Amino acid sequence: MFACLCHDLGKATKTDPITFKTVEHEFDSEKLSEKMLRRIKADNLTIKYVKELSRDHMEPGRLYNHSSADKKIIAMLDKSSYPNDLLLIKKCDREGVIPGP
């Protein structure tokens, strides 16, 4: 649950106020997630989990949008400590987007 709440925290620091475009917010999300979780005294395993999912949640979409080869996708999943959760958080993230005009 913390990963769902924290994965986009970096948007607060990376969103352009004029265009509302957000670039590479996942790296700030990782840092801000750790800071918040340490403040509320979360355990180290939770912090590791949330940081990894916050940092990596954009990668599945990037690979999909660039029609990446299967071996790049498999490498991403192999690298992840939580591949099922990574795909789930990306799915939820994608479904939460409000369509533009």
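Reader: Is Arg62 buried, partly exposed or exposed?
Author: Arg62 is partly exposed, because its relative accessible area is 30%. Buried means under 20% relative accessible area, exposed means over 50%, and partly exposed is in between (1.4 Å probe, protein chains only).

Reader: Before I go on, what am I looking at?
Author: This is a predicted model, where local features need pLDDT of at least 70 and side-chain atom pairs count only at pLDDT 80 or more, while totals for chains, interfaces and linings use all residues. Residues are numbered from 1 along each chain as its sequence is written, and side-chain values use heavy atoms, with hydrogens and water left out.

Reader: Back to Arg62, which side chain does it meet in a salt bridge?
Author: Glu59, at 3.4 Å from N to O. A salt bridge here is a side-chain nitrogen of Lys or Arg within 4 Å of a carboxyl oxygen of Asp or Glu.

Reader: Where do Arg62 and Glu59 lie?
Author: Both sit in helix H5, three residues apart, which is about one turn of the helix. Helices are DSSP runs (H or I, at least four residues), and they're numbered from the N terminus. Arg62 and Glu59 are also linked with Glu26 in a network of salt bridges.

Reader: How many salt bridges are there by this rule?
Author: The count comes to 10. One of them joins Asp56 and Arg55, at 2.9 Å from N to O. Asp56 is buried, because its relative accessible area is 10%, whereas Arg55 is partly exposed at 28%.

Reader: Switching topic: which residues of H3 are buried?
Author: His25, Glu26, Asp28, Ser29, Glu30, Ser33 and Leu37. Helix H1 (2–6), helix H2 (11–14), H4 and helix H5 (59–65) are among the elements that cover them, with contact meaning heavy atoms within 4.5 Å.

Reader: And how many residues does H3 have?
Author: It has 15, residues 25–39, and it reaches 21 Å from its first C-alpha to its last, close to the 21 Å expected at 1.5 Å a residue. That expected span is 1.5 Å times one less than the number of residues.

Reader: What about aromatic pairs, how many turn up?
Author: Searching the whole structure finds one. The ring centres of Tyr49 and Tyr82 are 4.7 Å apart and the planes are at 80°, so the pair is edge-to-face. Rings of Phe, Tyr and Trp (its six-membered ring) pair if their centres lie within 6.5 Å; planes under 30 degrees apart are stacked, over 60 edge-to-face, and the rest tilted.

Reader: Which parts of the chain does the pair link?
Author: Distant ones: Tyr49 is in helix H4 (residues 44–56) and Tyr82 is in the loop between helix H6 (70–79) and helix H7 (83–95), 33 residues apart.

Conventions: Helix = DSSP H or I, 4+ residues; strand = E, 2+ residues; numbered from the N terminus.
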